[in-house]
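Q: I am new to this structure and would like to learn how to read it. Can we go through it one feature at a time?

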Amino acid sequence: MPEIIINGNSYNFEEGDTILDIAKRNNIQIPVMCYLEHITPTGACRLCLVEVEGYPKPMAACVTYAVDGMKVYTDTEEVKKQRNRMMEFILIKHPLDCPVCDKAGECMLQDTAYSFGIKEESVKSQKPNKPVFDWNMIIHDANLCVLCERCVKICHEITGNSALKIEDRGFNNLIVPKGDTLNCDFCGLCVDYCPV
């Protein structure tokens, strides 16, 4: 059976396992925001960066498949630095108002930012002024969205509705309905799995 070495310890794996799959099975902590167990990984948040021996840059553990003999490091200073940068990048577009936010205590983004020791913005930026969408039973505030793609993936891969999509590119990305209005069953899974 093939083996991967994570932080000096050997672990067996099955073909098709990602570094994150193996780490989760063996209680090795790697932070994630966009990852969900039952959907295909997107690598959107890049918080799961790890060092892989032989590669010049950190790799996203959720989309990097294990190879026999691969040596991975999940807690080096470089990995921590790069993960902090990725979190700061996410927060460039999100208001860092955790102490007064309505979701205080129930927000994955807030919990992750605090676990990284981030309590204020290190990169000051003008926050986007995006629309707030009223989709009947769902209100989507695009200014709070971190574009993790969880809602799009869940709607497509779990419910089979494919009612949401990502529109535009870069700083102007938006999660929008595929049609003129949101045409779905309003199951609420997109809301349940939203990290913000």
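Q: How many salt bridges does the structure hold?
A: A salt bridge is a side-chain nitrogen of Lys or Arg within 4 Å of a carboxyl oxygen of Asp or Glu. The structure holds 5 salt bridges. This is a predicted model, in which local features need pLDDT of at least 70 and side-chain atom pairs count only at pLDDT 80 or more, while totals for chains, interfaces and linings use all residues. Residues are numbered from 1 along each chain as its sequence is written, and side-chain values use heavy atoms, with hydrogens and water left out.

Q: Which parts does the pair of E53 and K71 tie together?
A: Helices (H or I, at least four residues) and strands (E, at least two) are DSSP runs, numbered from the N terminus. The side chains of E53 and K71 meet at 4.0 Å, N to O. E53 lies in the loop between strand 3 and strand 4 and K71 in strand 5, so the pair ties together parts that are 18 residues apart in sequence.

Q: Is D17 buried or exposed?
A: Buried means under 20% relative accessible area, exposed over 50%, and partly exposed in between (1.4 Å probe, protein chains only). D17 is buried, with a relative accessible area of 11%. Its salt-bridge partner is R25, at 2.7 Å, N to O, and R25 is partly exposed at 49%.

Q: What is the strand order of the open sheet?
A: Two strands pair if DSSP finds at least two bridges between them. The open sheet has 5 strands in the order 2-1-5-3-4, with mixed pairing. Strand 2 (9–12) and strand 4 (59–60) stand at the edges with a single partner strand each, so one side of each is left without a neighbour in the sheet. Strand 1 and strand 2 run antiparallel and are joined by 4 bridges; in strand 2, N12 is the bridge partner of E3.

Q: Which residues have the most contacts inside the largest nonpolar core?
A: In soluble globular proteins, nonpolar side chains tend to be buried together. A nonpolar core is a set of buried Ala, Val, Leu, Ile, Met, Phe, Trp, Tyr and Cys residues joined through side-chain atoms within 4.5 Å. The largest one has 22 residues, and I4, I19 and V72 have the most contacts inside it. Strand 1 (3–6), helix 1 (19–25) and strand 3 (49–52) are the elements that give two or more residues to this core. Helix 1 gives the most, with 4 residues. A second, separate core has 16 residues, including C155 and A163.
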